[in-house]
Amino acid sequence: MNDIPVSTPRRLVELTIDGGTVRVPEGSTILDACRQEGIDTPTLCWAENLTPVNVCRVCVVEVENSRVLVPSCSRAAEDGMVVATDSEKVRTSRKMVYELLASSVDLDRADAEVHAWMDHYGADPSRMGDRGDIATVAQRPKVQDDLYVRDYERCILCYKCVEACGEDAQHTFAIAAAGRGFDAHISTEFDVTLPDSACVYCGNCIGVCPTGALVFKTEHDMREEGSWDEEAQSVTTTVCTFCGVGCNLELHVQEEQIVKVTSPTDHSVTNGHLCIKGRFGWQHAQS
Amino acid sequence: MWAVDPRRSASARFADAWLGLNVGTDIALANGVAREIIAADMVNREFVDRATIGYEEFAAFVDEWTLERTEEVTGVPARGIREMAHAYATAPTAQILWTLGITEHHTGVDNVLSLCNLSLLTGHIGRWGSGLCPLRGQNNVQGGGDMGALPNKLPGFQDIGDGEARARFEATYGTAIPAENGWNLTEMFEAMGRDELKALWVIGENPADSEADVNHARRLLGRLDVMVVQDVFMTRTAEMADVVLPAALGWVESDGTVTSSERRVQRTRAAIPPPGLARQEIDIVAEMAERMGATGWGRPTAGELWEELRTLSPMHAGMSWERIEVEGGIQWPCPDDDHPGSPFLHGRLWENPVGGRPAPFSCVQWRPPIDELTEEFPLRLTTGRALDSYNTGVQSGRYNSPIRSGEALELSTADAIALGVQAGELVSVSSRRGSIEMTVAIDATLQAGLAFTTFHFPDLADVNQLTSDAYDPKSGTAEFKAAAIRVDKLEARADA
């Protein structure tokens, strides 16, 4: 009785990816299988600590006998499946997705891998017209408190923040998608300011945002004044001081000042999620 | 998830059901739940027979705690008590988690024992997914105890009265260790009152703000011949000190370990250097030892001290500094290098035959809070924390939280109406120990007769002037959770 009970052993399913045979436990996604085989796959709306919502479409792959491309992040691997991750159709589709996204929002501050993939596929957003005409880009950042900035001209509507605020982490449900078409945006209830909303300022939405649309105010201000320098930053992992849960904190330090706090997504205690104290309560370390 | 709390806290709102019991009736509720589990024939008899002692006596003891009587004392409807008892007893796995609402009472230890009874009745202990879990309020409360910062224990929870254990420490440290228990915090303050304790070295604590009945505590600190405070900020306690030793901030400026609620030992690492004259705490302690005439301390690193500890504390013996680093934390007990660490305790109760002695039921009697409600002090004040703040605000008071509402006395709608006070109004709040002014806030989910406040801003509202000086003689922990107060309108007081 003393041992940790292990769940029923899972059957292995066998599929073919890019011509090679792959075996993964039943229930794995095609993305899991690709990662197991070391096949690099771009993602935007997927994260290891969130449930896939498959909206961004950059992880699509071609599955034999499937009419359309399928999102690898959420489609389960099946016995006998034949998958192509680098076919002409896949390359064209991924390139187009990046071009469409980058033509409607500002991806300048997106994760480095976004730019690497755009280069890889030769994506050219200017083909889609002048971004300056798009309503999304013509917004000013929302600065409503001293902790968060919401810079919606960078938002690709990947829903990661909504997931992190809701059932995947915080269960606060302060934000959701509102509006249709070009008006679609992430909003608080009735678009009230963040301090007036249900927000508890855990910052888990910022932790998962892939494009810099949600950003710590420290980082936003330093970027605006031109002093943000990631290359000059060190990252040290320590343990939060504020309660007994034992959340691990990654302190990003530039010139002996803490400029940002993140948490490792692969750590068993909270899988990268924090509360307001852990995320923002470090000012006393540099007063 | 069931939440049991006098207030409808954020956790209570999140839970499937909430039982809003009267402050200080935890034992009554636990005894009532136990009685219902027994009466409904839901006891895990196989476990009870094999792994426990004292069941028959316990069953007879709680027999008076019928649902009706439990409802009368706790204020929780009988149906809620019955449903929670049945849900707990029939769940495949179940945990009871608690915080200071259980321990900060004059019956704190008995409160915990009453919960232990429930886990023994149902066998929800010693198994994966089941158990009893005190949620620690600070990142290293557990680690402080683990390291012997208790008046009756050596590191690794070895009894100070255990000659064999003491001999091992004496051989390593090259000095004799007294065999008698020291004083706990409450006993230290009592000893200050008798002038038996005349010198105090306070490390990283702010008792001049955080003690219950704080006016009394401040007077006692003022009687000391000498007080040395080692801290990261000029706290109120530091302001009273004869000597202040500025220290590095543990979680940001020091290498070391902390131990979480789940007994997980994890590394803290220095990310920035300490400012100005602040020094690493290991260096401060070592230099103090040298000034007192000790030799050979040197300036050990945190890693070197940890490796020494693990030769002395069997439950840490398998946790090398390197393993803690590589594995990202290990849960004690971890007796040898190949041991993976222990996600839960008390698995021995499920061994066949049971390993060690069987677990005893405890017949614990409900006793109401010491600070009685009377006509003069008719409201029950309980204190607690807000999400964005921490204790006396020494650390958390320095960032600009958008959800901080400041210190307020939260009252039920009914009491606010009866007192004729409104939200935002400044009122006088008094207990048998002190009187302060506070701003009123109204919490419509509070039961009539119950008031609540945080204690994060002693400069705004010196809440611990009100809190109760009663304490649990078994643990030394003060009854922060149950003070009797009165609220007066300021103009009424001026008229009087």
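**Figure 1. The contact between chain A and chain B.** In this predicted model, 35 residues of chain A are in contact with 38 residues of chain B. Three elements of chain A, namely β10 (233-239), β11 (248-254) and α7 (276-280), each contribute at least two residues to the side of chain A that touches chain B. Strand β10(A) provides the largest share of that side, with four residues. Sorted by class, the side of chain A that touches chain B comprises 18 nonpolar, 13 polar and four charged residues.

**Figure 2. The domains of chain A and the contact between domain 2 and domain 3.** The domain assignment divides chain A into domain 1 (12-86), domain 2 (91-132) and domain 3 (139-286). The centres of domain 2 and domain 3 of chain A, taken over C-alpha atoms, are separated by 24 Å. Eight residues from domain 2 of chain A and seven residues from domain 3 of chain A make up the contact. On the side of domain 2 of chain A that touches domain 3 of chain A, five residues are nonpolar, three are charged and no polar residue is present.

**Figure 3. The largest nonpolar core and the surroundings of Y98(A).** The largest nonpolar core holds 91 residues, of which A33(A), Y98(A), I156(A), C161(A), C205(A) and L214(A) touch the most other members. With five residues, helix α2 (residues 88-104) of chain A gives the most to this core. When residues up to four places away in sequence are not counted, Y98(A) touches V58(A), W117(A), M118(A), Y121(A) and A123(A).

**Figure 4. The fold of chain B.** Chain B contains 20 helices and 20 strands. Its radius of gyration is 24 Å, close to the 23 Å that the globule rule gives for 496 residues, so chain B is as compact as a globular protein of that length. Along the principal axes, the C-alpha atoms of chain B fill a box of roughly 65 × 65 × 45 Å. Of the 496 residues of chain B, 41% count as buried. Among contacts in chain B between residues at least 6 apart in sequence, 66% join residues at least 24 apart.

Technical notes
Residues numbered from 1 in each chain as written. Chains lettered and ligands numbered in written order. Predicted model: local features only at pLDDT ≥ 70, side-chain atom pairs only at ≥ 80, totals over all residues. Contact = placed C-beta atoms within 7 Å. Nonpolar A, V, L, I, M, F, W, Y, C, P; charged D, E, K, R; others polar. Domains from an automatic or database assignment. Core = buried A, V, L, I, M, F, W, Y, C linked by C-beta atoms within 7 Å. Buried ≥ 20, exposed ≤ 12 C-beta atoms within 10 Å, placed from the backbone. Rg over C-alpha atoms; globule rule 2.2 N^0.38 Å.
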